[in-house]
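Me: I have a structure open and would like to go through it step by step. Could you help me read it?

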Amino acid sequence: MARLKEEVEEKKKLIATLRNKPWRMKRRLQNLKEAQGFVEKFEGALGKGKGRKLYAFKVMMAKKLIKFNRDFENFKTACIPWERKIKEVESHFGSSVASYFIFLRWMYGLNLVLFGFMFGLVIIPEVLMGLPQGSIPRKTVPRDEQDTAMDFSVLSEFGGYFRYSVIFYGYYNNQNTIGFLKFRLPLSYFLVGIGIFGYSLMVVIRTMARNANEGGDGADESEFTFCWKLFTSWDYLIGNPETADNKYASITTSFKESIVDEQENQKDENIHLRRFLRVLANVLITCSLGGSGYLIYFVVKRSQDYAKMDSSQLSWYQKNEVEFVMSLLGLVCPPLFETIAELEDYHPRIALKWQLARIFALFLGNLYTFLFALIDDVNEKLEKEKVIKNETIWALNQYYANYTLYHNVTQNIPLPEIAPADVIRGPCWETEVGIEFVKLTVSDIEVTYLTILIGDFMRALIVRFLNYCWCWDLEAGFPSYGEFDISGNVLGLIFNQGMIWMGTFYAPGLMGINILRLVSSMYLQCWAVMSSNVPHERVFKASRSNNFYMGILLLVLFLSLMPVVYTMMTMSPSFDCGPFSGREKMYDVVIETIQNLPPFMANIFTYASNPGLIISIVLLMVLAIYYLNTVSKAYQKANMDLKRKIQMQRDEEKNRRNNKDSTNQVMKDLEDLMPNKSLIPPPAAEEPANPAPPSKSPKVTGKAGTAATGRGVNLQRDVSLAAANPRGPVTRPPGPRGPGPLPGVGRGHPPGPGRGRGRGGPPPLR
Amino acid sequence: MGATASKLPKDQLSEYQELTFLTKQEILLAHKRFNELLEREDRQQIGGSRVPMNKILTLPELKSNPFRRRICQVFSTSDLRDGSLSFEDFLDLLSAFSDSATLEIKSHYAFRIFDFDDDGTLDTGDLEKLVNCLTGEMDNTRLTSEEMKQLINNILEESDIDKDGTVNLSEFQHVISRSPDFVSSFKIVL
């Protein structure tokens, strides 16, 4: 009975794994029908006796569950947007350009979820259940601004009505519970702010883990260069003959290069000159990074002075100086770095890595300088606020004194009846910060779109149409069509996301703006790529796997978390705007809520925040990391041992065939070398990455068999399977290729070194 | 085409879903495209008919692929060994090249495709043909015979673990499993 059950289980497992077997469909169908028939016949038999109905019911539910899962998977795949578009891009440009669009789509998904949180838990409750616009001071446009509140120039600066709307922090009321649902808005605002970071962190790490599992990013890059070039360089998604030609050219070049590289590795040129040049280049670049940081600081300080002056006297440039300077730096510095990097004379892939690292440092430096300047500004505002607070209290006291004088009442004095628009308002620093971030994001969007339109589209138009009446061939020579700059665009996307993360706490509407930006960006860039770009000549993947960019995203997430947490913890919220007004610190809202909970829950929290407990948990995690590190090193060593063993066995076989006895000693040594347990098939985590290749001889010798027996037998079967499907020798050579490179736009042959961008570095798209 | 195009029966559809890595939409799309390739009179009987190789090679996804003939031959189960594909062969092809196929399946089929003489190993002749496929048929894009020799030496040095001068399936899978690009580039989507 038990054996029958076992067999039924086995058949079920076989059905589940049938698609993993490299058999022909006919054989698989046969096996499937057999296994299904067997299961059906005996499953009924198993359910004899008392439990029969229950068993049958369970079986039916299991089947329905499987079907439901499959339908759900189908539905999920159907829901993925833009699949056709991306496929079109893939077939024209190959998978590396398409990977940018896939990344963009992933970002869109992440932002959609974050937007859902913000919108559903913060904005909607305030709009539906909070007080309406104009009822309390923080929600009303002040009297002196009311004339200009609807002007386009004011609105485009996010002043006027925008400033006093749900988009920014200042609009939200600080009532503890609102509406008939008693929705705790301040608590929700705080938790959503933290939750956004938590959710993003979780998603990024989950994606990184998934990529690491699939892609073996631990392999040393130089280990299998030639093999990888040969076996994995062709991109099967290419469906366009022109792209295919380019790909052939790039593969040929890369073969030739690596053959030459291999020979040149021994050459040792003038190393001192090279070192000197490299140091010089690094010094120059550090200077320019420092210069750009100082420039931004200077400009932000100046903009604060401008803010104190009357805004109607300022020109457009003076008002938008900060954003203008930051975008300019983002456009000008990367090509500058690239030019300086020519001094360094690195291998192109290494040079690309340096370039990316420098651009990263540039953006980071700029962003953080901007933040420091902003924090100075905030501190100033806090000082001013104290003054206004004192004024307000003084005015109130005066009013009370007058009232008492006139009406002879000292208690229960009603509050003064002032229209909300006339109340003295403090400078709401959080809204100011929010406005700065929103303005920065919007200008970033504008710059990106302009660069695409002018840099790519205009350029393509000019090259195409002026070519008829120009002295040299524009298409093959100087400007020619642009290539899609993958790394520049990906970095731009990542930094944009970093700004969004930083700004969302102070401007809940920023998330919505970002969603619009991502959607429009997808359509615009797909169109621009298809209409004005040409496929890359040299295929240089800066990241051998997606994890490189995910790693940068994770770093940016941490770096954007820090300013927000800093301001949450150390700065006191404004006294008259936002959901935390009136409290000492923003996190007080959580402490208040905990204190209001039933006593036993409050006790739990008190115990949990005990420093002793926290320290021991941190120690435990450190120990776990150390342990896992040691284990992974042990696996690597076992891998090397196995490789060596196989080689020794092969030598022994050869020697045995040639009748030399000298190897017996080696075999004996080998036996001593082999630790007893390490030849058990490595645990599941390692298996997909390191199938231990057994020896090649058809008879599975005793020693070879112990090395991962299960896999050894299976692999043998596969090898013999290849032989079992025999064909005659291929008498036809692989078919002739289609027509050569198309005239005009074709670039079948890699042009000379005249192109400054032949290295695939990022051109001024940022 | 018109209304006489045969539809896939439901139980077969669910069986195919069970046995391949394709989703229902992908199978239906494959059915449609395969139908278009068949001659008019064969369209009713999609189960048994085969599409000759030259028609398969007109598919835009395969047209520019240097290995298109090998792909057809590897996946064909025809007795005449002429590279013609039946609908089930076509599904096998799409399943092995789909996004969700495992590394083992992909590397198995990649090995079979690269094995030009079908002897179960990649020897020097196979590797040479492979390099020529990838570098194009023009004389000025080919490698010289010295470069070819050097290249093949380097490859065998890297991947031939048991030093017998050929790359067998397990060595191939070992090399491929470390490559982060393989799974994402070994894909064909209709």
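Predicted model: local features only at pLDDT ≥ 70, side-chain atom pairs only at ≥ 80, totals over all residues.

Me: What does the secondary structure of chain A come to?
Reply: Chain A has 24 helices and two strands. Helices (H or I, at least four residues) and strands (E, at least two) are DSSP runs, numbered from the N terminus.

Me: How many of its 766 residues count as buried?
Reply: In chain A, 42% of the 766 residues count as buried. Buried means under 20% relative accessible area, exposed over 50%, and partly exposed in between, with a 1.4 Å probe and protein chains only.

Me: Which residues of helix α4 in chain A are buried?
Reply: In α4 (residues 83-93), these are A:Ile86, A:Lys87, A:Val89, A:Glu90, A:Ser91 and A:Phe93. Just after α4(A), A:Gly94 has a positive phi of about 90°.

Me: Which residue has a positive phi of about 60° although it is not a glycine?
Reply: That is A:Phe158, in the loop between α6 (152-156) and α7 (160-163) of chain A. A:Lys182 also is not a glycine and has a positive phi of about 55°; A:Lys182 is in the loop between α7 and α8 (185-215).

Me: Are A:Phe158 and A:Lys182 buried or exposed?
Reply: A:Phe158 counts as buried because its relative accessibility is 11%. A:Lys182 counts as exposed because its relative accessibility is 56%.

Me: What does UniProt list for chain A?
Reply: An unreviewed UniProt entry lists residues 106-131, 152-172, 187-205, 279-300, 355-375, 505-527, 548-566 and 604-628 under "transmembrane region". UniProt positions are given in the numbering used here, feature names are shortened, and annotations may be inferred rather than shown by experiment.

Me: How much helix do residues 152-172 and 604-628 hold?
Reply: Residues 152-172 of chain A are 43% helix and 0% strand, with end C-alpha atoms 24 Å apart. Residues 604-628 of chain A are 92% helix and 0% strand, and their end C-alpha atoms lie 32 Å apart.

Me: Turning to chain B, what is B:Thr23 in contact with?
Reply: Leaving aside neighbours within four places in sequence, B:Thr23 is in contact (heavy atoms within 4.5 Å) with A:Asn74, A:Thr77 and B:Gln17. B:Thr23 lies in the loop between α1 (10-19) and α2 of chain B.

Me: At what angle do α2 and α6 of chain B pack?
Reply: Helix α2 (residues 24-37) and helix α6 (residues 87-96) of chain B pack at about 130°, with axes 11 Å apart. That makes α2(B) oblique to α6(B). Axes are lines fitted to C-alpha atoms, for helices over the stretch in contact, and angles run from 0 to 180 degrees between N-to-C directions. Angles under 35 degrees count as roughly parallel, over 145 as roughly antiparallel, 65 to 115 as roughly perpendicular and the rest as oblique.

Me: Which residues meet there?
Reply: B:Ile27, B:Ala30, B:His31 and B:Phe34 in α2(B) meet B:Phe87, B:Phe90, B:Leu91 and B:Leu94 in α6(B).

Technical notes
Residues numbered from 1 in each chain as written. Chains lettered and ligands numbered in written order. Heavy atoms only, no water.
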